[in-house]
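Colleague: I have a file open and would like to go through it with you. Can you take my questions as they come?

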Amino acid sequence: MTFPVTTCPVTIRIQQDDFDIAREIAVLTGSRTDIGAAVSFTGICRSDEDSAKIAALSLEHYPGMAEEEIRRHADEATSRWPLNGVTVIHRVGRFMPGQNIVLVLTASQHRHAAFQAAEFLMDYLKTNAPFWKKEESATGTGWVEAQARDDEAAARWTRS
Amino acid sequence: MKVKYFAWVRERVGKAEETIEPPATVRTVEELIAWLSGQSEAYAYAFEKPKVIRVAIDHAHVKSDAAIAGANEIAFFPPMTGG
């Protein structure tokens, strides 16, 4: 299914710096009046993982492919839902609990498309975008293992 | 061809990237992993569970039976944990 051509700017950034959610929403919606819904998802570094205390989290990525992979999914999202804008910002570097890691913003005329597209993008980001997390705790450091539940979450969007 | 390694695959191999020249008999990703595994203990350790390893050719995910002919850059990495 395709939708009538609407202006749907797609912004993808991978950066060390933090992001300002309000500012990103303002950039996405701007002075447009055709947007009726903007959904934002923020992924935050948490201090507990299966009751183990996390001191810090390091994120590494595959430069080039990470941007391309996110763009492929953003393009799929814009073909599946009538979106008016998509912004994905993924941070890399070392993070302390409470710090922002990822931002997904979707804008549409109506909320359902914006909610679904944001969820779709996050599910695919977790399983298909080349980023890896390493945890630091009191007992040492270790790479975070991929979760089967994330694969299941992404699989529900697969179309036959 | 250029080869890149990420996360614990990079740590186990001991380098982030290199240029390799596998013999012509190595035609698929699966065969390349087997060939690399025979190069040293470090590679054997990195690829000890080949089914776990994810592979991308020229920035696109591929399966283990994908042909490597014509590839500019092949990357090996663990399942992704971003987001």
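**Two chains and their contact**

Modeller: Of the 160 residues of chain A, 33% count as buried. Keep in mind that this is a predicted model.

Colleague: What does the secondary structure of chain A come to?

Modeller: Chain A has four helices and nine strands. Starting at the N terminus, its elements follow the order β-α-β-β-β-α-β-β-β-α-β-β-α. The radius of gyration of chain A is 16 Å, close to the 15 Å from the globule rule for 160 residues, so chain A is as compact as a globular protein of that length.

Colleague: What box do its C-alpha atoms fill?

Modeller: Along the principal axes, the C-alpha atoms of chain A fill a box of roughly 55 × 40 × 30 Å.

Colleague: And what share of the contacts in chain A join residues at least 24 apart?

Modeller: That share is 75%, counted among contacts in chain A between residues at least 6 apart in sequence.

Colleague: Let's pick one residue. Is A:Leu57 buried or exposed, and why?

Modeller: A:Leu57 is buried, because 21 other C-beta atoms lie within 10 Å, and the cut-off for buried is 20 or more. A:Leu57 sits in strand 4 of chain A.

Colleague: Which residues is A:Leu57 in contact with, leaving aside neighbours within four places in sequence?

Modeller: With those neighbours set aside, A:Leu57 is in contact with A:Cys45, A:Phe95, A:Lys133 and A:Glu135.

Colleague: How many residues apart in sequence are A:Leu57 and A:Val144?

Modeller: They are 87 residues apart in sequence, and their C-alpha atoms are 9.4 Å apart in space.

Colleague: Helices next. At what angle do helix 2 and helix 3 of chain A pack?

Modeller: Helix 2 and helix 3 of chain A pack at about 155 degrees, and their axes are 10 Å apart. Angles over 145 degrees count as roughly antiparallel, so helix 2 of chain A is roughly antiparallel to helix 3 of chain A. The crossing of helix 2 of chain A past helix 3 of chain A is right-handed.

Colleague: Which residues meet there, helix 2 of chain A against helix 3 of chain A?

Modeller: From helix 2 of chain A there are A:Glu69, A:Ile70, A:His73, A:Ala74 and A:Ala77. On helix 3 of chain A they meet A:Ala117, A:Phe120, A:Leu121, A:Tyr124, A:Leu125 and A:Asn128. By class, this contact between helix 2 and helix 3 of chain A has eight nonpolar, two polar and one charged residues.

Colleague: Now the other chain. How many helices and strands are in chain B?

Modeller: Chain B has three helices and five strands, and along the sequence its pattern is β-α-β-α-α-β-β-β. A compact globule of 83 residues would have a radius of gyration near 12 Å, and chain B agrees with its 12 Å. Of the 83 residues of chain B, 30% count as buried.

Colleague: What box do the C-alpha atoms of chain B fill?

Modeller: For chain B the box is roughly 35 × 30 × 20 Å, again along the principal axes. In chain B, residues 24 or more positions apart account for 51% of the contacts with a separation of 6 or more.

Key:
Residues are numbered from 1 along each chain as its sequence is written. Chains are lettered from A and ligands numbered from 1 in the order in which they are written. This is a predicted model: local features need pLDDT of at least 70, side-chain atom pairs count only at pLDDT 80 or more; totals for chains, interfaces and linings use all residues. Helices (H or I, at least four residues) and strands (E, at least two) are DSSP runs, numbered from the N terminus. The radius of gyration is taken over C-alpha atoms; the globule rule is 2.2 Å times the number of residues to the power 0.38. A residue is buried if 20 or more other C-beta atoms lie within 10 Å of its own, exposed if 12 or fewer, and partly exposed in between; C-beta atoms are placed from the backbone. Two residues are in contact if their C-beta atoms, placed from the backbone, lie within 7 Å. Axes are lines fitted to C-alpha atoms, for helices over the stretch in contact, and angles run from 0 to 180 degrees between N-to-C directions. Angles under 35 degrees count as roughly parallel, over 145 as roughly antiparallel, 65 to 115 as roughly perpendicular and the rest as oblique. A crossing is left-handed if the near helix is turned anticlockwise from the far one by less than a right angle, and right-handed if clockwise. Ala, Val, Leu, Ile, Met, Phe, Trp, Tyr, Cys and Pro count as nonpolar, Asp, Glu, Lys and Arg as charged, and the others, Gly among them, as polar.
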